[in-house]
Amino acid sequence: MFLSIDGLSAGYGGTRVLEDVSFSLERGEIVSLIGPSGSGKSTVLRCLVGLVPPEAGRIALDGSAVDYTSRAAVRGVRDRLAIVFQQYNLFQNMTALDNVAIAPLKVKGWPKAEVMADAKRLLDTVGLGDKHGAYPDQLSGGQQQRVAIARALALKPDVLLLDEITSALDPELVTEVLDTIRGLAANGMTMLVVSHEMAFVREVSSRVLFMDRGRVIETGPPAELFDAPRTERARDFVTKILRH
Amino acid sequence: MNYTFQWGQVTGHIPYLAGGAMIALQLAFFGFAIGMVVGALCAATKAYGPKAARRLVDAYVSFFTNTPLLVQIFFLYYGLPDAGIFLDSYQAVLVGISLNAGAYLTEIQRAGFMSVRRTELDAAATLGFSRLQMIRYVVVPHLLKTLYAPLANHYIVMVLGTSIAAIFGVEELTGRALNVNAINFRSFEIFSIAAGMYITLTIAASASLYWFGLYAFRIKAKVF
């Protein structure tokens with residue numbers, strides 16, 4: 001197992017939002033978390049990158065457990081897991097290129113020429129070759145989200161965590177972002193995806209986890225989970241969202 | 001109006017008045033600088049400090065924003081000697097202007113602290129930024145950008161406000177205009193020139209602050 005999560009529980013200020021969540025991820029695999037709003041999908045990702053402290057359970061990378069109370073250990077995890085947020089969370093005072101380059105340059109201290117060339121290549125890959133010097137407020141939502149994807153890739157992570165990255169976008173911008181992710185999937189990127197784009201989830205995922213009220217209710221290959229859910233709640237959810 | 005302008009009687013005093021303008025600028029500059037430090041400390045206290053300290057800051061801010069600057073300086077100049085503290089007129093005015101500015105700048109800077117975007121800090125954290133790097137690359141640029149226009153505006157208000165010093169005998173621009181007026185009583189000419197100098201000072205400050213803001217933070221700061 002490359003990334004394994006065992007009995008994970010977490011919450012915000014005394015309210016439990018994750019209860020005994022367990023699953024794992026192999027290298028090159030794409031796993032998606034689906035479920036109603038507030039079911040804890042995003043919190044799983046936020047726990048993994050140390051934005052929400054786990055209250056119980058074990059998260060292991062390459063077989064060794066991560067101690068989320070240790071700053072050094074959290075930094076180590078953040079080196080390997082990169083997250084892309086729903087609201088892009090770009091640095092507003094920096095150009096697209098600087099957003100992508102700053103972490104490799106300042107956090108890693110990698111050589112500048114190499115970092116800049118790499119950042120430009122990443123922006124080209126996500127289709128923003130002509131927007132290197134643009135500031136976030138000069139870009140559309142879809143373009144900003146693609147900068148955020150390039151920024152996450154700049155640290156050469158092992159796993160990409162995508163937290164509802166198309167939920168804040170106008171429908172016509174969703175496609176350009178999903179196409180970018182499809183490209184990464186084709187190149188064998190390991191990803192953990194939280195999404196409401198069911199057709200996309202079905203297309204790219206090797207496994208899908210259905211979550212409700214902080215628990216994983218059902219797990220299976222997308223065809224199985226979407227077409228023949230075993231649990232009542234998953235069936236309810238799937239029929240509701242596939243109706244329109 | 002049966003008035004004959006006699007500019008010749010006052011033009012000779014222009015260098016003297018210009019010297020007063022420099023003192024006005026100096027008062028505004030130091031008052032603003034001290035006010036910024038006081039304001040930053042108080043804003044940080046209000047955002048992160050213990051309850052008792054926050055109350056103290058609240059009391060300070062409401063006292064200085066709810067009473068006239070003139071009364072505050074009267075208190076410092078005429079009131080404090082009763083407590084054994086003697087300030088000369090320049091000191092009393094500078095302390096008054098600084099404390100007054102500190103109160104307003106506390107509120108402005110606190111609003112800045114509150115507006116730092118949580119989302120950008122999350123992103124910085126997950127990219128591995130240290131606390132210092134977050135402050136350097138995320139918090140400070142954001143504060144500079146959001147606070148620039150209101151701070152610049154306040155500075156300009158302060159430049160004009162320094163004329164209050166004349167009441168206490170400080171020979172800044174207004175004070176020197178009063179002095180010249182006492183010599184030749186060409187009030188219309190003298191105060192026209194003084195007004196022109198104030199306008200020049202504020203327009204020069206507005207323009208340079210505008211261009212600096214545009215250059216440094218890409219913001220079209222509406223400075224007056």
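## Overall make-up of chain B

The secondary structure of chain B consists of nine helices and zero strands, and read from the N terminus its elements follow the order α-α-α-α-α-α-α-α-α. The model is a predicted one, and every value given below is computed from it. Along its principal axes, the C-alpha trace of chain B spans about 75 × 45 × 25 Å.

Of the 224 residues in chain B, 45% are buried. Among the contacts in chain B with a separation of 6 or more, 75% are accounted for by residues 24 or more positions apart.

## Packing of helices H3 and H5 in chain B

One helix pair of chain B can be followed in detail. Helix H3 (residues 51–65) of chain B and helix H5 (residues 89–114) of chain B have axes that come within 9 Å and cross at roughly 115°, and the crossing of H3(B) past H5(B) is left-handed. On the H3(B) side the contact is made by Val57(B), Tyr60(B), Val61(B), Phe64(B) and Thr65(B), while H5(B) contributes Leu99(B), Asn100(B), Gly102(B), Ala103(B), Tyr104(B), Thr106(B) and Glu107(B). Sorted by class, the contact of H3(B) with H5(B) has seven nonpolar, four polar and one charged residues.

## Salt bridges

Over all chains, a search of the whole structure finds 23 salt bridges. One of them joins the side chains of Glu29(A) and Arg207(A), with an N to O distance of 3.0 Å. Because Glu29(A) lies in the loop between strand E2 (15–25) and strand E3 (30–34) of chain A, and Arg207(A) in strand E9 (residues 207–212) of chain A, this pair ties together parts that are 178 residues apart in sequence. Glu29(A) is buried, with a relative accessible area of 13%, whereas Arg207(A), with a relative accessible area of 22%, is partly exposed.

Asp118(A) and Lys156(A) form another salt bridge, in which the closest N and O atoms are 3.0 Å apart. Asp118(A) belongs to helix H4 (residues 112–125) of chain A and Lys156(A) to the loop between helix H5 (141–154) and E7 of chain A, so the pair ties together parts that are 38 residues apart in sequence. Asp118(A) counts as buried, at 17% relative accessibility. Chain A also holds a network of salt bridges, in which Arg27(A), Asp62(A), Arg80(A) and Asp158(A) are linked.

In chain B, Glu120(B) forms a salt bridge with Arg117(B), the closest N and O atoms being 2.7 Å apart.

Asp163(A) is found in strand E7 (residues 159–163) of chain A. This aspartate is buried yet has no salt bridge. The nearest side chain of opposite charge, Arg46(A), is 5.1 Å away from Asp163(A), and a salt bridge requires a side-chain nitrogen of Lys or Arg within 4 Å of a carboxyl oxygen of Asp or Glu.

Leaving aside residues up to four places away in sequence, Asp163(A) touches Ser42(A), Leu45(A), Val84(A), Phe85(A), Gln86(A) and Val194(A).

Key. Residues are numbered from 1 along each chain as its sequence is written. Chains are lettered from A and ligands numbered from 1 in the order in which they are written. This is a predicted model: local features need pLDDT of at least 70, side-chain atom pairs count only at pLDDT 80 or more; totals for chains, interfaces and linings use all residues. Side-chain values use heavy atoms; hydrogens and water are left out. Axes are lines fitted to C-alpha atoms, for helices over the stretch in contact, and angles run from 0 to 180 degrees between N-to-C directions. Helices (H or I, at least four residues) and strands (E, at least two) are DSSP runs, numbered from the N terminus. A crossing is left-handed if the near helix is turned anticlockwise from the far one by less than a right angle, and right-handed if clockwise. Contact means heavy atoms within 4.5 Å. Ala, Val, Leu, Ile, Met, Phe, Trp, Tyr, Cys and Pro count as nonpolar, Asp, Glu, Lys and Arg as charged, and the others, Gly among them, as polar. Buried means under 20% relative accessible area, exposed over 50%, partly exposed in between (1.4 Å probe, protein chains only). Lys and Arg count as positive and Asp and Glu as negative; His and the chain ends are not counted.
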